[in-house]
Amino acid sequence: MTSRADTVVALRAAGAAFVLQISDPIPRVLHWGADLGDLSPTTASALALTGGPAQLNNSPDIPRTFSALPTEYEGWSGTPALSGHAQGRATTPRPRLVRHRVEVPSDALGGSISLEFEDTIAGVRTDLRYRLDAHGVLSVDTSLARDAALSPRLGSIAYTVSGVVSLLPLPERATEILDFTGKWCRERSPQRSPLGFGTHRRAAHRGKPGHDSPFLLAAGTAGFGFGHGEIWATHLAWSGEQQYLAERLPEGAGAFSSILGTGEDLHPGEIILEDGDRYDAPTALFIWSDGGLDQISDRLHRRLRARPAHPRTPRPLVLNTWEAVYFDHDLDRLTALIERAAEVGVERIVLDDGWFRGRREADAGLGDWYVDDQVWPEGLGPLVDAVRARGMEFGLWFEPEMINLDSDLARAHPDWVLGPAEGLGPESRSQHVLDIARPEAYAYLLERIDALVRQHSIDYLKWDHNRDLLEAVSRADDGDRPSVHRQTRALYRLLDELRERHPGLEIETCSGGGGRVDLGILDRTDRVWASDCNDPVERIQIERWTRALVPPELIGSHLGASRSHTTARHTDLSFRLVAALTAHAGIEQDLTAVDDDELAVIARWTGLYREFRELLHSGRVVNADLSDQATALAGVVAQDGSQALFTWSRFATSAAGQSGRVRFPGLDAAATYRIRIREELGATSRHQGNDPDWVTAAVADAIEVPGSVLAVAGVPLPTLNPQQAMLIDLRRLGR
């Protein structure tokens with residue numbers, strides 16, 4: 001439809017709403033947050049009337065508004081939604097709405113608003129689309145297209161896109177922000193700060209989100225937690241470079257106090273639009289909650305689970321060979337490992353790094369994706385046969401985007417290495433980056449991976465990416481062009497084409513652990529490797545925050561050895577097993593090195609995983625808000641409330657001798673629950689004389705406790721020794 005001034009439109013779903021006024025020259029945002037009910041003419045008129053702020057001193061002579069594409073033309077002095085230039089000209093974008101379309105499904109859950117703009121200064125057409133899904137997640141997609149006919153003064157001069165940022169306003173009560181930092185083996189470490197004046201900007205400038213990825217930027221009411229507080233959050237569904245920002249100006253943002261935004265972080269000259277060219281910005285997701293961070297997670301998890309391509313089959317128990325054998329690939333040794341894996345109930349074997357030509361250490365061979373006949377004289381066939389003979393699936397490790405200079409591929413095609421023509425920069429992990437946006441390199445990778453998948457009917461790929469992209473410029477075409485955006489798009493095409501050729505193939509995304517965890521990569525993969533750290537003290541906390549975005553069935557979580565490969569810390573088997581149970585479980589430990597007693601405990605753990613995985617991989621993730629940060633109470637509650645599994649964990653000692661009454665979040669206060677303490681993996685070590693009476697009873701046999709006591713009053717929990725965890729199984733009675 002053609003735009004009409006002063007039309008107010010709303011998208012509503014799952015208790016959330018987005019309201020926009022279709023006004024000239026740019027629509028303005030009136031509301032994003034709680035559902036306001038049916039948008040009656042009275043409500044629409046009142047929102048529009050109250051959408052304008054005061055006209056301030058020493059300010060433009062008209063009140064500032066906050067529009068869908070805020071610009072300086074409207075008096076906006078903050079981060080612009082659009083920025084760019086045509087050889088130093090056309091630096092003041094003035095998009096003007098020419099068309100809009102509103103689509104609401106018959107059930108009135110969600111819908112979309114599509115806006116089309118023309119900019120006669122920049123000679124650019126902009127398409128902006130808001131979509132609210134049935135789960136209350138708002139996605140924002142922006143596209144720019146160069147149209148020389150719109151700006152005859154510029155003629156055919158190309159337009160360089162400097163930035164496209166999706167921005168939404170925040171109310172005055174959003175006073176705190178939460179985002180994440182991290183490093184290798186300590187990904188997704190939360191950090192909080194007040195939302196003060198100025199710009200809080202986080203940029204992921206590593207050619208990927210990185211181990212220190214902002215991941216999710218949330219602004220909320222003071223002291224918001226897992227189960228309480230009003231929160232506005234954003235995530236960029238993109239596996240390249242990113243920027244996140246929360247910004248507060250003294251004059252506010254129209255009638256609002258501040259803004260939240262995200263977009264791709266572009267290099268100078270990375271996106272240059274000739275006449276007819278188009279740039280599609282990555283999808284930005286915005287999520288509102290009045291029930292704390294767990295409600296943000298629930299909306300995102302429901303969105304992911306509703307995808308047609310979301311894994312529907314039970315997530316198989318995995319054994320990955322890396323920490324068991326490293327580069328020591330030997331058929332007899334691996335066959336013995338496979339036999340032990342079959343004994344405990346493993347359902348998928350993944351052969352990790354070391355199977356391809358010249359790969360005896362981490363400094364050679366990347367790029368030569370042919371089976372090394374010096375290590376595998378009969379090829380991988382005998383190993384694959386051994387796996388399949390025991391009823392298990394077979395997976396294989398690749399790192400397609402990387403290349404060692406000590407490889408046949410690099411020697412044959414040195415110009416395929418991403419880097420300046422002047423000379424390559426330093427190696428990282430003895431490797432460089434392959435320019436997969438180059439058609440010849442892309443075709444080579446597709447042919448090699450496709451051939452191996454076909455030859456061995458491979459079920460699963462572990463897709464690694466072990467270094468940051470630095471000086472990521474391509475020597476193809478005109479040379480030294482910034483290439484992170486093209487590299488990321490090429491990765492997506494490669495993954496999409498492999499999945500199209502092999503519909504049953506599953507792919508795990510790994511990036512030196514958790515360096516590439518985002519909803520862009522998850523649109524075309526089936527699992528994320530949250531971290532290279534299997535130390536349960538670190539892992540529980542890494543996965544707790546990974547679940548803020550990703551549901552448990554998509555998070556790989558593996559049992560490691562007693563002495564952690566990455567931290568050298570020793571931990572009890574029971575603690576390691578509990579930590580690896582509540583996501584997509586697997587094993588890294590060398591099972592040939594454990595005794596029969598330990599193997600029997602591991603077998604009981606695989607039984608627990610099969611018992612609980614339907615719940616774990618479909619339920620709602622909940623976390624208790626605790627004052628003692630040395631402890632955690634986390635659970636998964638069935639969508640119908642019929643069952644729940646909680647883990648009570650302690651990482652270190654505390655000043656307090658006991659927990660006090662702790663509430664179990666997510667339970668039905670009107671129900672009654674049968675509770676058991678599950679000790680099949682061994683009794684949890686306590687730092688106390690005796691358990692609370694209810695725990696003693698629940699260890700001996702199942703007990704019945706009203707939901708009002710568990711969810712409202714709370715119950716005292718045992719004081720565990722450091723590096724211990726307890727499993728608490730709850731089943732609702734009746735109904």
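Reply: Cys-510 has a relative accessibility of 1%, so this residue counts as buried. The model is a predicted one. From the sulfur of Cys-510, the closest cysteine sulfur is that of Cys-185, and the distance is 11 Å, which is too far for a bond. A disulfide is a covalent bond joining the sulfur atoms of two cysteines. Here the cut-off for the sulfur pair is 2.5 Å. Cys-533 is also in no disulfide: the nearest cysteine sulfur belongs to Cys-185 and lies 4.7 Å away. Cys-533 has a relative accessibility of 0% and therefore counts as buried. A search across the whole structure gives 0 disulfides.

Now the helix pair. Helix α7 covers residues 439–456 and helix α8 covers residues 484–501; their axes come within 11 Å and cross at roughly 30°. Angles under 35 degrees count as roughly parallel, and α7 and α8 are therefore roughly parallel to each other. Their crossing is right-handed. On the α7 side, the contact is made by Tyr-442, Leu-445, Leu-446, Ile-449, Asp-450 and Arg-454. These meet Ala-490, Arg-493, Leu-494, Glu-497, Leu-498 and Arg-501 in α8. By residue class, the contact of α7 with α8 consists of 7 nonpolar and 5 charged residues, with no polar ones.

Definitions and conventions: Residues are numbered from 1 along each chain as its sequence is written. This is a predicted model: local features need pLDDT of at least 70, side-chain atom pairs count only at pLDDT 80 or more; totals for chains, interfaces and linings use all residues. Side-chain values use heavy atoms; hydrogens and water are left out. Axes are lines fitted to C-alpha atoms, for helices over the stretch in contact, and angles run from 0 to 180 degrees between N-to-C directions. Helices (H or I, at least four residues) and strands (E, at least two) are DSSP runs, numbered from the N terminus. Angles under 35 degrees count as roughly parallel, over 145 as roughly antiparallel, 65 to 115 as roughly perpendicular and the rest as oblique. A crossing is left-handed if the near helix is turned anticlockwise from the far one by less than a right angle, and right-handed if clockwise. Contact means heavy atoms within 4.5 Å. Ala, Val, Leu, Ile, Met, Phe, Trp, Tyr, Cys and Pro count as nonpolar, Asp, Glu, Lys and Arg as charged, and the others, Gly among them, as polar. Buried means under 20% relative accessible area, exposed over 50%, partly exposed in between (1.4 Å probe, protein chains only).
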